[in-house]
Amino acid sequence: MVNLEELEKVKKKALEDHIPIIMDDTLEVIKKILEEEKPKNILEIGTAVGYSASQFARFAPEAHIDTIELSEERVKEATENIKNIGVQNQITIFLGNAVEILPTLNKEYDIIFIDANKGKYPIFLEEGIRLIKNKGLILADNILYKGYVLSDYNKHKQRTAVRHLREYIAKAIEDTRLESQILEVGDGLAISRVSK
Ligand code: SAH
Ligand code: MG
């Protein structure tokens, strides 16, 4: 049983700690996708404190979720949170850099959720295409990055991230294996159906 009270506590603390957890309207879209697709295997890149992974476990009770997180401290907190929420049997956390971990994975996933370092999104998409099953879905959060991606002017600080997010969008649209939509929910969500 998913402990919704604990889940709400994790959300509240994450927001207090300024951890960029998935936004409510984005989660609403993903909830519908999970209910329709009924995935068995989900891969998440960017666990943070385990909030989105726990929500996915809640809305896809048949699914196992592999999730990758770079920060040891966050992995510790996520492990604790996931246990308190009661979804530990559904979730496996990998500690490390997804750029290094992804090439070592060989499972086939029904859904892949990208939600980590924006500068690495094109690499995550490449690895995602390799790991997704035929007709599976690759989702990428924060794809419009506070509107910066659609803006002509960007501060130096955001420029590299913006360049890589635009590269992701271009590939999502141009690669004939991908059928993509870019939604303006939350911080922007890319949804690509992959034909292999
Ligand atoms: N999916 C979470 C939020 C993730 S925030 C939720 O909605 O609840 C992004 C996380 O990605 C951060 O915790 C950050 O440490 C992690 N991250 C950034 N770059 C990464 C990388 N290259 N590999 C693995 N994790 C990474
Ligand atoms: Mg995000």
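**View 1. Contact of helices α6 and α7 in the predicted model.** Tyr121, Pro122, Leu125, Glu126 and Ile129 of α6 meet His164, Leu165, Glu167, Tyr168 and Lys171 of α7; contact means heavy atoms within 4.5 Å. By class, this contact has six nonpolar, one polar and three charged residues. Ala, Val, Leu, Ile, Met, Phe, Trp, Tyr, Cys and Pro count as nonpolar, Asp, Glu, Lys and Arg as charged, and the others, Gly among them, as polar. The axes of α6 and α7 (residues 156-174) come within 8 Å and cross at roughly 35 degrees. Axes are lines fitted to C-alpha atoms, for helices over the stretch in contact, with angles running from 0 to 180 degrees between N-to-C directions. Helices (H or I, at least four residues) and strands (E, at least two) are DSSP runs, numbered from the N terminus.

The model is predicted: local features need pLDDT of at least 70, side-chain atom pairs count only at pLDDT 80 or more, and totals for chains, interfaces and linings use all residues. Residues are numbered from 1 along each chain as its sequence is written, chains are lettered from A and ligands numbered from 1 in the order in which they are written, and side-chain values use heavy atoms, with hydrogens and water left out.

**View 2. Protein donors of the magnesium ion (ligand 2).** Asp115 (OD), Asp141 (OD) and Asn142 (OD1) lie 2.1 Å from the ion. Donors are N, O and S atoms within 2.8 Å of the metal (3.2 Å for Na, K and Ca); water is not among the atoms, so the site may look incomplete. The donor residues follow the spacing D-x25-D-N in sequence. Asp115 belongs to the loop between β4 (109-114) and α6 (121-131) and Asp141 to strand β5 (residues 132-141), so the pair ties together parts that are 26 residues apart in sequence. Asp115 is buried, at a relative accessible area of 15%, and Asp141 is buried at 3%. Buried means under 20% relative accessible area, exposed over 50%, and partly exposed in between (1.4 Å probe, protein chains only).

**View 3. Buried and exposed faces of helix α4.** Val75, Ala78, Asn81, Ile82 and Ile85 are the buried residues of α4. Down the helix axis they fall within an arc of 130 degrees, so they line one face of α4; the arc is that of the directions from the axis to the C-beta atoms. These buried residues pack against α1 (4-16), α3 (51-59), β2 (64-69) and β3 (91-95). The face turned away from the buried side carries exposed Glu72, Glu73 and Lys76. Just after α4, Gly86 has a positive phi of about 90 degrees.

View 4. Leu189 is buried, with a relative accessible area of 0%. Leaving out residues up to four places away in sequence, Leu189 touches residues including Phe113, Leu139, Asp141 and Ile182.

**View 5. Lys135 and Tyr145, non-glycine residues with positive phi.** Most residues other than glycine have a negative phi. Lys135, in strand β5, has a phi of about 75 degrees and is partly exposed at 44% relative accessibility. Tyr145, in the loop between β5 and α7, has a phi near 35 degrees and is buried at 15% relative accessibility.
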